[in-house]
Structures are given as C-alpha cells and as structure tokens.
Amino acid sequence: MYNVEDLIYDCPVEALSSILGKKWIPAIIWQIQDNKIRFGELQRSIEGCSKKMLIQQLEVLIENGIIINEKNTDSKVVESIYYLSESGLGLLPIMKHMINWSNKNLECGK
C-alpha cells in the first residue's frame with residue numbers, strides 16, 4: 001500500500017503518477033535538480049505559478065520526502081532553501097526517460 005495525500009494506492013506507479021501528475025510538480029523538481037534554491041528564486045523561475053500554488057506543491061513534495069526545506073535564521077530573518085532529497089534526485093533519470101519517450105512517441109505541438 002502506498003499513501004499519497006491520504007489516498008491509498010496498491011500500485012507504486014499509480015502512486016508516483018499521482019504526485020508527478022500534479023500541475024507544477026515536474027517543473028519544480030526539474031528547476032531544482034541538483035541545486036539549492038531559495039523560495040523567491042524558485043518562484044521567479046517557474047513562470048505562471050502563483051505563490052500559493054508553489055507553497056502547496058512544495059508541501060506535497062516535502063511530505064513525500066522528495067524535497068528538503070532547510071531553514072536558516074539570520075538575525076530575525078528566516079530563509080528557506082529547497083533542494084532535492086536523495087529520493088528526489090532518483091526521480092531525475094526517470095523524468096529524463098519520460099521526456100525522451102514523450103519526444104519520440106507523442107505529438108506535442110508538432
């Protein structure tokens with residue numbers, strides 16, 4: 001059994017697809033890749049994604065152990081830095097294969 005946002009899946013592919021199928025999640029993962037990035041930088045880099053939506057999707061990724069949110073406090077300012085966990089880094093080759101497969105097999109604006 002696989003639990004994603006309080007939904008139970010029998011199939012691991014279906015569980016992962018429920019995460020990767022959410023709007024903005026692949027873009028967030030792809031944008032972070034092997035970098036550490038602050039929230040504002042991430043928000044500016046993902047055009048069209050509202051602050052509220054970015055926060056919601058980051059929470060999903062954090063809850064599922066895909067992204068880590070490191071908080072640093074300097075004086076009274078809290079800075080959030082996001083980066084992929086080890087399991088999040090493991091998604092990158094899968095996403096690359098998905099991109100290659102899609103480019104070969106799907107007609108996306110061709």
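I began at Gln33, which lies in the loop between α2 and β3 (37–38). I am working on a predicted model, where local features need pLDDT of at least 70, side-chain atom pairs count only at pLDDT 80 or more, and totals for chains, interfaces and linings use all residues. Residues are numbered from 1 along each chain as its sequence is written, and side-chain values use heavy atoms, with hydrogens and water left out. Helices (H or I, at least four residues) and strands (E, at least two) are DSSP runs, numbered from the N terminus.

**Loops.** I read a phi near 40° for Gln33, positive in a residue other than glycine. Most residues other than glycine have a negative phi. I then checked Trp24, in the loop between α1 and α2. Trp24 also has a positive phi, about 80°.

**α2 and α4.** I looked up the axes, which are lines fitted to C-alpha atoms over the stretch in contact, with angles from 0 to 180 degrees between N-to-C directions. The axes of α2 and α4 (residues 51–63) come within 10 Å and cross at roughly 75°. The two helices are therefore roughly perpendicular (65 to 115 degrees). For contacts (heavy atoms within 4.5 Å), I found Ile25, Ile28 and Ile29 of α2 meeting Leu54, Gln57, Leu58, Val60 and Leu61 of α4. By class, seven of these residues are nonpolar, one is polar and none is charged.

**α5.** I noted Gly88, Leu91, Leu92 and Met95 as the buried residues of α5. They pack against α1 (12–20), α2 (25–32) and β5 (77–84).

Notes
Buried < 20%, exposed > 50% of the residue type's maximum accessible area, 1.4 Å probe, protein only. Parallel < 35°, antiparallel > 145°, perpendicular 65-115°, else oblique. Nonpolar A, V, L, I, M, F, W, Y, C, P; charged D, E, K, R; others polar.
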